[in-house]
Amino acid sequence: MSRLLGGRIMLREYRKEDLPWIRKWVNDPNIVEHLSDIFLYPHAEQSTEAFLEAMLAGDESSRGFVIADLHTEAYIGQINLDSIDWKNRVGKVGIVIGSTEDFGKGYGTEAMRLLVDFAFLEMNLNRLELEVYEFNERAIRSYVSSGFREEGRLRERYYKKGRYIDVVQMGVLKSDWKAARQS
């Protein structure tokens, strides 16, 4: 799998040595509160191992990357394209920064821009989409700065912290991405 190089980070392949880093964040409620229910807290070790094994094995419907320091290749987080629909050229994006200490440093935005470029230039996808909780304003700002826009809202879709919350559906089209690059 190719590596994608940015200014401060790289997107690299998953490795077995990433397991302790993933185990750390999947059991951090301050991180998983922003994620879909695929990573329910607490997360069993076998479930985390199965996830990593699936990422190592790979398949045609996904492309997964670890967000890593450009120079040391140390784990920062991960970003994945899942549920790739090759006929319609659509991929669904999921991203996590694995430590609250790395929040707000721009790693996620840089990773998202690298992935968007890769998806449109190398994979020839036409559309990327994602879902984000309405209260995750930092992530929404990052996605907007990467070209995504709100396309819909699933009202009171998830129950978090004692209340129902909306899920914001966002997407970016290859044509919008191209137009933004030319301006």
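User: What makes aspartate 166 and arginine 153 a salt bridge?

Analyst: Their closest N and O atoms are 3.4 Å apart. A salt bridge needs a side-chain nitrogen of Lys or Arg within 4 Å of a carboxyl oxygen of Asp or Glu, so the pair qualifies. Aspartate 166 lies in strand β8 (residues 163–173) and arginine 153 in strand β7 (residues 149–160), so the bridge ties together parts that are 13 residues apart in sequence. This is a predicted model, in which local features need pLDDT of at least 70, side-chain atom pairs count only at pLDDT 80 or more, and totals for chains, interfaces and linings use all residues. Residues are numbered from 1 along each chain as its sequence is written, and side-chain values use heavy atoms, leaving out hydrogens and water.

User: What makes arginine 153 part of a network?

Analyst: Shared partners. Salt bridges join Glu134, Glu150, Arg153, Arg163 and Asp166 into one network. One of these bridges links arginine 153 to glutamate 150, at 3.4 Å from N to O. Glutamate 150 has 45% relative accessibility, so glutamate 150 too is partly exposed.

User: How do you know that glutamate 60 forms a salt bridge with arginine 63?

Analyst: The closest N and O atoms are 4.0 Å apart. That sits at the 4 Å limit, so the pair counts. Glutamate 60 is exposed, because its relative accessibility is 56%. A search of the whole structure finds 19 salt bridges.

User: How do you know whether the radius of gyration agrees with a compact globule?

Analyst: With 183 residues the rule gives a value near 16 Å; the protein chain has 16 Å, so the two agree. The C-alpha trace spans about 45 × 40 × 35 Å along its principal axes. Of the 183 residues, 46% count as buried.

User: What makes up the secondary structure of the protein chain?

Analyst: There are 6 helices and 8 strands. They are DSSP runs, numbered from the N terminus: helices are H or I of at least four residues, strands E of at least two. From the N terminus on, the order is β-β-α-α-α-β-β-β-α-β-α-β-β-α.

Key
The radius of gyration is taken over C-alpha atoms; the globule rule is 2.2 Å times the number of residues to the power 0.38. Buried means under 20% relative accessible area, exposed over 50%, partly exposed in between (1.4 Å probe, protein chains only).
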